[in-house]
Amino acid sequence: MTQNLLIADETIVITLLLIAIITAITLRHLKMPYTIGLVITGYVFSSFIVPHVSTLKSFQGMVPSTDIILYLFLPLLIFESAIAMNTRLLTRNLFPVLGLAIIGVVISGVIIGVLLSLFSPLPLLYALLFGALISATDPAAVISIFKEIGVPKRLQILVEGESLLNDAAAIVMFQMVLALIAASLLDQKISVSHTSMQFASSVLISFVGGIVIGGITGYLLRGVLKRTPLHSHIHQTATLVAAYLSYLISDHILGFSGVIAVVVCGCFAAQAASDWIGPDRREDLNRFWEYIGFLANSFIFLLVGIAIASLQDLSVFMTGAVLGVIFLVAVVTFARFIPVFGIFGLYNLFTPRKIPISYQVISFWGGLRGAVAIALSLSLPYSFPYRDLIVEFSVTVVLFTILFQGLTIGPLIHHLGLGQTRLVRQFHQIYTDLVTCRSGERSLQNSPMSDVIDPEIAMKYIKEYRIMSASRMEKIQDFWSEIRKNPDRKEILKLFWLEALRFEQKQYRLLYDEGLILPAVYAAVQFHAASREDLIQSGDYHPGKSEVGPGARFRRWVTRTMNQIAPGSRISLYLTRRGEMNRIFIAVALVVAASATIRYLRELAGVVCLKTDDITDILSVYHRLEGDARAYLQSDIVRSSPCLKDISAFIAERTAGAGMISELHKHLDDGAGDEETLTRYIDRLIEEKNKSRVGLVKSCR
């Protein structure tokens, strides 16, 4: 009997994976978002295929357990998003994100509850329960569209950050309303003020507890990654264990927010991977979690489609109450509209870095509902009053948001001018074709197989690639001619600004991976570049003065405060020297990155037949960055700094160390030498890199 159950479960898993593979291949041709297609596939599979295939009878009437969604898949999806998230941009936009994730959920849930209690069979408390579970957004499909279209990073962080954090607030609100319903059924007196205070304290305790548990788990994970910089399998296993462990301890054992715990742990993991493991292993870890995210999304959205198909009364509800469905969707949409535009509008009153109205529109329309809403509604016991109606309401809203909003969000992004334009996509296509053809020609000319290939055949193919390259060059020239017909040069500037900024950020990443700049310096320069990139994507093609990250502002404030309170003290002296050291390293990073970016832009302009006059504005900005940084390094302030000798020695040592690590990696990739010996040597050099970084910071004391 046990063996038969095991085989049945294995059959279900294999069948779902096969469906996911077929769906993924099919959707590539249909150009439909993967998660949306999975829901449709799951519904069609359960409704029209399972009843006619006897071997699939285990799927009939199948309703996935809420524990599977909440405890098996949800931690994986949250951790995958958290470890890939730009935590610096999230910190920069934390207030609007938290406002939507907490206050927005409450406002939305209350609006839905009040309106449905007035115009539907649901009493107020039960309507509030539905409002709580349906207010959590799950825009997995929207995020995949964002990445495909190339929306501004700030917009992506607003939508993704809210979706990561509002699950916690929605679950707390759901549990609170359940407690109120239980109290009312027992004829216990409840007051609005007491309930409000209890809800606020529950949210606070849940969030703070989740942060603490996630922080502890993340700190332990950081220690594992720090001590195993070359062991990819340990990194992957440790992060997988940490994701589940933080969720289970926080949610199941201590009663805090497991969602917040996983988010915090994921942020710790991202920072630790950036600080302590090399670029190759970091890429291995990212790919591992991309695959885990693919698996979790495949299972969870297929199960959502199967669960929808298993609800027997849904078809009667949908066909027999069209006006009711329209009213329900209108209420939920209105309840999303009010907090998004209200909270963002209020935030814009108190900040110079306003959220554009186009961002607000996409945040409003991109608030899809998904697996969490389905799981919470199905978690209600069958004897619960109005359970069937709440489940039907939930499924209706989830279907509408996934199918209608999910399929229209892409055209809306293009309509608002937030995605890549046709000209930008066309340029990348032509440029890629040109580079590919030239690479093919060079490979034939320089191939070690040239003595084997018949000379006439080789020359034939070389001529073909030359003809294709000439054709691509003509297309490039036609492309620039078309752009120059438009007196507005924003397309050229935007295209090359983004290319320049991505190359600039790559230089910072290389400097950091080689151990040539400190973590705080890397965070500062990357934040500066990412902020400029967001400004350009938002339409500001000539960024003004540099933005300073929250961490740098906080360190400056602490330094000024200590200099006022205890001037000349050891702490004050340490903070002052550390600030000087960071500024010197920032200047070094700017010199290296700006000069490299200038060379890259000139080469790129030559390859794509663009006159450098067209990008003079961009080149002038990088020349100014490089000039200001060099002037600072040659100033008397730097020359008289007590940190200068330590910094020079550190850079010299790390330059040599980076060269040795690079050469050993090359030997390792080529298979030259003993793999165990090379790996041990690289491990020792990486440990020396980390120790020298720590030693440099200690020298400020």
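**View 1. Cysteine C643 counts as buried, at 3% relative accessibility (buried: under 20% relative accessible area, 1.4 Å probe, protein chains only).** C437, at 6% relative accessibility, is buried too. Zero disulfides (pairs of cysteine sulfur atoms within 2.5 Å) turn up in a search of the whole structure. The model is predicted: local features need pLDDT of at least 70, side-chain atom pairs count only at pLDDT 80 or more, and totals for chains, interfaces and linings use all residues. Residues are numbered from 1 along each chain as its sequence is written, and side-chain values use heavy atoms, with hydrogens and water left out.

**View 2. The largest nonpolar core has 137 residues.** Such a core is a set of buried Ala, Val, Leu, Ile, Met, Phe, Trp, Tyr and Cys residues joined through side-chain atoms within 4.5 Å. F79, F130, F146, W289 and I413 touch the most other members. A second, separate core has 56 residues, including Y522, V525, L610 and I618.

**View 3. Contacts of F79 (heavy atoms within 4.5 Å).** With neighbours within four places in sequence left aside, the partners of F79 include L221, T239, V262, C265 and W289.

**View 4. The second largest cavity holds about 70 Å³ of space.** A cavity is a set of points on a 1 Å grid over the protein atoms alone where a 1.4 Å probe fits but cannot get out; lining residues have an atom within 4 Å of a point. Helix 5 (94-119), helix 8 (153-185) and helix 14 (322-348) each supply at least two lining residues. Among the lining residues are L100, E162, N166 and R336.

Note on methods. 1 Å grid on protein atoms, 1.4 Å probe; cavity = no way out; pocket = protein on both sides within 12 Å on 5 of 7 lines; lining within 4 Å. Points joined across faces, edges and corners; volume = space filled by probe spheres on them. Helix = DSSP H or I, 4+ residues; strand = E, 2+ residues; numbered from the N terminus. Buried < 20%, exposed > 50% of the residue type's maximum accessible area, 1.4 Å probe, protein only.
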